[in-house]
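Subject: Handing over the structure

Hi there,

Here is the structure I promised to pass on to you. Have a look at it first, and then read on for what turned up in it.

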Amino acid sequence: MQANIQETAMVRPIKPPFDRDHVLSLSHLDTDRNLLVTLRYLRIYSNNPHQQSDPFHVITAAVSAALLRYYPLAGTLRRRRSDGRLELHCRAGDGLPVVNAVATFPLSSVDADGDSSFAERLVPDPDPNEDPIRPMVLQVTRFGCGGFVLGSAVHHAICDGLGATMFFNAVAELARGSGRTGLDPVWDRSELLGPRRPPRVEYPIRELLSLDKDFSVYAGSGKRVVKEYLNVEEEWLGRVKALLFKQSGLKFTTFEVLGAFIWSSRIKGGKIHANERVTFAYSINIRNIVNPPLPAGYWGNGCVPMFVHLTAEEAMEQPIWKTAATIKKSKWNATEEYVASFVDFQEMHYEEGITGGRRVSGFTDWRHLGHSTVDFGWGGPEAVVPLSTRLLGSVEPCFLLPGREGLVKVLVHLEEDMVLPFREEFEKLRNVLQNELLSSI
């Protein structure tokens with residue numbers, strides 16, 4: 001299967017958004033070196049009988065209108081000579097690249113979840129370390145049936161998932177004929193999330209973060225990383241939550257339960273030395289934690305990483321409820337002081353190489369980012385497919401995704417030789433919980 005590229009259009013704002021070239025500063029959350037990666041993902045849109053216009057022309061026209069207010073996406077990210085941090089350069093005439101591609105076969109013949117080699121051709125793959133860096137590159141691929149795929153490559157330094165979805169929803173509103181978008185985008189990044197003067201670390205952040213100038217965050221082992229999909233029944237999860245509540249007295253979220261379940265299975269399957277430290281990493285939204293809260297239109301990185309550290313033996317041997325409880329309790333660290341200390345720690349130690357550790361498993365929940373609302377006039381996407389394998393200092397991230405009704409879809413990235421051990425441990429753990437459920441009736 002092949003997608004044929006027709007052109008790469010440089011989409012510019014419908015009129016000049018500024019009258020002089022300038023440089024915009026990023027926040028210390030934007031320039032966290034764990035975020036110096038490009039997030040690549042697909043939104044898949046099935047054929048709509050009322051779709052007569054070419055999606056490429058509709059989307060690029062709407063992008064052009066949206067760039068009037070989101071013009072930084074047409075700029076370039078460049079490194080400062082003084083400290084190597086990224087900043088955003090905005091120049092007259094800059095644009096956002098959008099690739100126009102066509103596939104003659106129907107979308108129904110494509111398994112974007114399984115056929116990763118073809119899926120990779122549906123989204124650009126820019127080098128996140130080049131200088132300058134395009135903050136966003138898009139690709140619209142139209143299929144023979146009339147369905148299309150929007151592939152997005154977004155450098156994480158420009159925004160997080162919520163910020164990117166804010167932009168795409170603005171584009172979708174304009175594509176549907178709205179004269180303007182709902183939220184006014186807010187930049188002010190270094191002012192709203194800058195370090196204190198003088199910077200100070202009052203939260204014990206060194207218990208969570210490490211300093212290692214020589215450690216490459218995303219070095220990995222060099223082994224091939226593959227996808228493993230799980231579909232977990234919400235009804236079964238509900239019964240497991242009830243069981244864990246009976247065992248612990250704590251009410252757990254789906255993220256906490258599935259995170260503990262998958263992390264434990266991964267550690268057991270990996271045969272890691274019992275005394276080695278392993279890390280569960282995730283992001284938490286701090287838009288309403290800081291005081292004052294970030295403006296509703298703030299579209300930069302508005303999350304901080306949270307870390308759970310255990311020994312491999314603890315992760316393997318303790319009951320699931322204890323691991324889930326450790327994840328739950330880590331959320332209590334997400335305070336205004338934690339955020340301020342994290343930002344100040346970045347200010348004080350950035351050049352010393354800040355990491356979350358060497359055995360990091362990254363977890364992220366995409367179920368509530370608003371992907372389904374990105375409707376260009378023919379309905380929302382039927383699926384969202386992440387292609388990135390680098391996230392939160394992990395080269396094997398786990399995504400919780402919107403699934404079919406009654407199911408939670410989970411995408412786990414694993415080194416190829418870990419797939420079978422992971423499946424075996426996952427099923428063993430599931431059977432243990434199933435037996436506990438039966439005995440509790």
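Helix H3 gives the largest share of the lining of the largest cavity, three residues. Helices here are DSSP runs of H or I with at least four residues, strands are runs of E with at least two, and both are numbered from the N terminus. Please keep in mind that this is a predicted model, in which local features need pLDDT of at least 70 and side-chain atom pairs count only at pLDDT 80 or more, while totals for chains, interfaces and linings use all residues. Residues are numbered from 1 along each chain as its sequence is written, and side-chain values use heavy atoms, with hydrogens and water left out.

Back to the cavity. A cavity is a set of points, on a 1 Å grid over the protein atoms alone, where a 1.4 Å probe fits but cannot get out, and its lining residues have an atom within 4 Å of a point. Points are joined across faces, edges and corners, and the volume is the space filled by probe spheres set on them. One cavity of 30 Å³ or more is counted, and the largest cavity holds about 70 Å³ of space. Its lining has 13 residues, with Leu39, Tyr41, Asp160, Gly161 and Ala164 nearest the centre. Strand S3 (38–45), strand S8 (148–155) and helix H3 (161–175) each give two or more residues to that lining.

Next, serine 64, which sits in helix H1 (residues 55–66). Serine 64 has a relative accessible area of 12%, so it counts as buried (under 20%, with exposed over 50% and partly exposed in between, using a 1.4 Å probe and protein chains only). Beyond its neighbours within four places in sequence, serine 64 is in contact (heavy atoms within 4.5 Å) with Val11, Arg12, Pro13 and Ile14.

Some backbone details are worth a look too. Most residues other than glycine have a negative phi, and most peptide bonds are trans. Aspartate 131 and proline 132 are joined by a cis peptide bond, with omega about 0 degrees. Another cis bond runs from arginine 197 to proline 198, with omega near -5 degrees. Aspartate 188, in the loop between H3 and H4, has a positive phi near 45 degrees and is partly exposed at 42% relative accessibility. Leucine 392 also has a positive phi, near 55 degrees, but is buried at 9%.

Happy exploring!

Definitions and conventions
On a 1 Å grid over the protein atoms alone, a cavity is a set of points where a 1.4 Å probe fits but cannot get out, and a pocket is an open set with protein on both sides within 12 Å along at least five of seven lines; lining residues have an atom within 4 Å of a point.
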